[in-house]
Amino acid sequence: MERGGDRGGDNKITIQGFFRDWKGPDPLRGKRLPAPAADAHVEALDFPGVRLSIEQAEDALKTAADRLAPVRSLLGVDEFNILALSGGAAGGAYGAGVLTGLTKAGRRPDFAIVTGVSTGALIAPLAFLGPAWDDRLTEAYLGGHAAELLSLRRLAPALGPSIFKGESLDALVEPFVDEAMIDAVAAEHAKGRRLLIATTNLDNQRASIWDMGAIAAHGGPRAVKLFREVLVASATVPGLFPPKMFDVEANGERRQEMHVDGGVAAPLFLMPDALLHWRNLGQRLRRGRVYVIVNTVLDPSPRSTPPGVASIMGRSFETMLRFSYRQALSLAEGFCTRHNLPLSVASIPGDFDGVNMLRFETPTMRKIYDAAERLAMEDKVWASPTLEPTGWRGLFKRAGARPKPEPGAISLDPTTEG
């Protein structure tokens, strides 16, 4: 391992040195352009304005807010619903089942903003487009495509950057993202609705949030290509799939960025972090509600952990993921509390605890999908940890203008009975 020499007798072991000793040949070495400088203004090559770059400056925040949640009439009765879809690999079958179940029950909201990360990114365009696209959503998760394309026969060569070949995930996305979908997303974007996808930029170690409707608005094969590439990048679990390279322009020069799974930086998100903490959203969120679908099991699962290296690493990774999802939900709850927004959360039931979500087996995915669809149809899918707005704020809302608490909602008000 790399050590820090003999200064003061210290022997230092660095993280970089540790991984340098264990890695194999780097197949991307010498095959990419340099990353942009940290302070450069960066745009996707030939697609300016499709990524949300938000600074803390007030004017920048207002511009972003106008783009995502324009000020609406105080007299209007339209709702402003946000749907956030998390990662979870094969657990995405749960989110698909929730949405189709809500459609069948006649309780599927219209969403002004839909966000997606990882497997949630693959669901998000179909969730955004609504019930008319449910057949394509179901086929994506239950049609056996993942089981075929992500099978052991598709393993990458030894010492490569990933377990599976990059073409596997590309081939999984391609049939479901075509020009018809792009045109439909562009049409909804023109109405003011927003579809946002997060990837993780490994070069600057930040989340990148892509406005997919802005990409779709360009139209044509190149827009389809970039749209697919962003979805694939967001679902690119490091080590499982090779990273995605994006050509960008920085201060007039061509550069490249390396992107992986959006869940590395943001397990789920409602909108860019800077806006989450901005207190001037105000009337933009009137008659709003936030829905979050977590495509994994959230509750801790106490059990003895075998002492082997593989079991310890696997258990640690699982624990880290569950903590990160709960922390992301806590952030969402804080946002909803500040803005008096009801929050409805759905997550995979504990019955599926122990299921390996990195194994894309169609029978298992069908069981998860069927369970989610059944819960949604029976009106048992949501938990709502935030209160409905009460007091003086309620005087400014028409009766029936805001959805009632979801069945099974958990009230945090100690004066509430039941």
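How many helices and strands are there in the protein chain?

Reply: The protein chain has 13 helices and 9 strands. Helices (H or I, at least four residues) and strands (E, at least two) are DSSP runs, numbered from the N terminus. This is a predicted model, in which local features need pLDDT of at least 70 and side-chain atom pairs count only at pLDDT 80 or more, while totals for chains, interfaces and linings use all residues. Residues are numbered from 1 along each chain as its sequence is written, and side-chain values use heavy atoms, with hydrogens and water left out.

Start with the whole chain. It has 418 residues, and 47% of them count as buried. Buried means under 20% relative accessible area, exposed means over 50%, and partly exposed is in between (1.4 Å probe, protein chains only). Now look at contacts, meaning heavy atoms within 4.5 Å. Among contacts between residues at least 6 apart in sequence, 76% join residues at least 24 apart.

Now zoom in on helix 3. It covers residues 92–105. It has 14 residues and reaches 20 Å from its first C-alpha to its last. That is close to the 20 Å expected at 1.5 Å a residue. The expected span is 1.5 Å times one less than the number of residues.

How much of helix 3 is buried? The count is 11 of its 14 residues, so helix 3 is largely enclosed by the rest of the structure. An α-helix has 3.6 residues a turn, so residues three or four places apart point the same way.

Next, step off the end of the helix. Gly106 follows helix 3. Its phi is positive, near 70 degrees. Then comes Arg107, which forms a salt bridge with Asp379. A salt bridge is a side-chain nitrogen of Lys or Arg within 4 Å of a carboxyl oxygen of Asp or Glu. Here the closest N and O atoms are 3.3 Å apart. Arg107 lies in the loop between helix 3 and strand 3 (113–117), and Asp379 in the segment after helix 13 (362–377), so the pair ties together parts that are 272 residues apart in sequence. Arg107 counts as partly exposed, at 34% relative accessibility. Asp379 is partly exposed as well, at 23%.

Side chains of opposite charge can pair when their charged atoms come close. The count comes to 20 salt bridges. Another one pairs Asp203 with Arg32, at 3.0 Å from N to O. Asp203 lies in the loop between strand 4 (194–201) and strand 5 (206–211), and Arg32 in the loop between helix 1 (15–22) and strand 1 (42–44), so this pair ties together parts that are 171 residues apart in sequence.
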